[in-house]
Amino acid sequence: MHALDFSPLFRSTVGFDRLSKLLETTQPNDASVSYPPYNILKVTDDNYRITMAVAGFAEKDIDITAKENQLIVQGKAAEQADAGAVFLHRGIAERAFERRFQLADHIRVTGASLDNGLLTVELVREIPETMKPRKIDIKAGNGKLLDQNSGNKKAA
C-alpha cells in the first residue's frame with residue numbers, strides 16, 4: 001500500500017491542517033490496535049455512543065480524557081490477588097490499553113458508564129448558535145425605486 005499525496009488539496013485551503021495531520025496519522029487495522037473491541041453507534045443525527053468491551057476492568061482502572069478534538073480511553077487493570085496462581089488457560093485479556101478516537105468539531109462527551117464489562121461513552125454534537133443556519137428577514141421597502149440616470153424617484 002502506498003501513501004496518498006494530499007498536498008494539492010491543501011494548496012488552496014486554509015485552516016485544514018488538523019485534517020492533514022489526521023490523514024497522516026491514520027493507521028491500517030492490525031492485531032495490535034484491535035484491543036479492546038468497540039462499537040460506534042449513531043443514535044440520532046447529533047448523538048453518538050462508543051461501547052467498548054473491557055471485561056475485568058473496574059471504574060477506577062479506566063481513565064477517559066477529551067482534549068483537542070480527541071477522546072482518549074486508557075485502561076490499566078489492578079493487580080490481582082491470584083499472583084501465585086497457576087493458570088492452565090488465560091483467555092481473559094487484562095492487559096493495559098489505550099484507544100484514541102478523533103472527534104469532529106463541536107463533539108462533546110456528555111457521560112460514561114461501565115455496566116457488565118461494557119464501557120459506554122455518550123457524545124453529542126453541539127453546533128454553536130452563530131454557526132447554525134438562520135433565516136434572514138426581508139424588510140418591505142417604501143415602494144419607490146431610485147432612477148439611476150436622473151436621481152429622481154419613480155413609482156415601482
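Ring pairs join Y35, F57 and F97 into a cluster. The model is predicted, and local features need pLDDT of at least 70, side-chain atom pairs count only at pLDDT 80 or more, and totals for chains, interfaces and linings use all residues. Side-chain values use heavy atoms, with hydrogens and water left out, and residues are numbered from 1 along each chain as its sequence is written.

**Aromatic pairs**

- The structure has three aromatic pairs, where rings of Phe, Tyr and Trp (its six-membered ring) pair if their centres lie within 6.5 Å; planes under 30 degrees apart count as stacked, over 60 as edge-to-face and the rest as tilted.
- One of the pairs is Y35 with F97, which is edge-to-face because the ring centres are 6.1 Å apart and the planes stand at 85°.
- Y35 lies in the loop between α2 (17-25) and β1, and F97 in strand β5 (residues 97-102), so this pair ties together parts that are 62 residues apart in sequence. Helices (H or I, at least four residues) and strands (E, at least two) are DSSP runs, numbered from the N terminus.
- Y35 and F97 are both buried; buried means under 20% relative accessible area, exposed over 50%, and partly exposed in between (1.4 Å probe, protein chains only).
- The rings of Y38 and F101 have centres 5.1 Å apart and planes at 90°, so they also form an edge-to-face pair.
- Y38 belongs to strand β1 and F101 to strand β5, so the pair ties together parts that are 63 residues apart in sequence.
- Y38 is partly exposed, at 34% relative accessible area, whereas F101 is buried, at 8%.

**Charges over rings**

- R95 lies over the face of Y35, at 4.0 Å from the ring centre. A charge sits over a ring if NZ of Lys or CZ of Arg is within 6 Å of the ring centre and within 35 degrees of the ring normal.
- The charged end of R90 sits over the ring of F87, 4.1 Å from its centre.

**Salt bridges**

- There are six salt bridges in the structure, each being a side-chain nitrogen of Lys or Arg within 4 Å of a carboxyl oxygen of Asp or Glu.
- One of them joins D46 to R125, with the closest N and O atoms 4.0 Å apart. The pair links distant parts of the chain, with D46 in the loop between β1 (38-44) and β2 (47-53) and R125 in strand β7 (residues 118-125), 79 residues apart.
- D46 is partly exposed at 33% relative accessibility, and R125 is partly exposed at 29%.
- E98 forms a salt bridge with R100, the closest N and O atoms being 2.8 Å apart.
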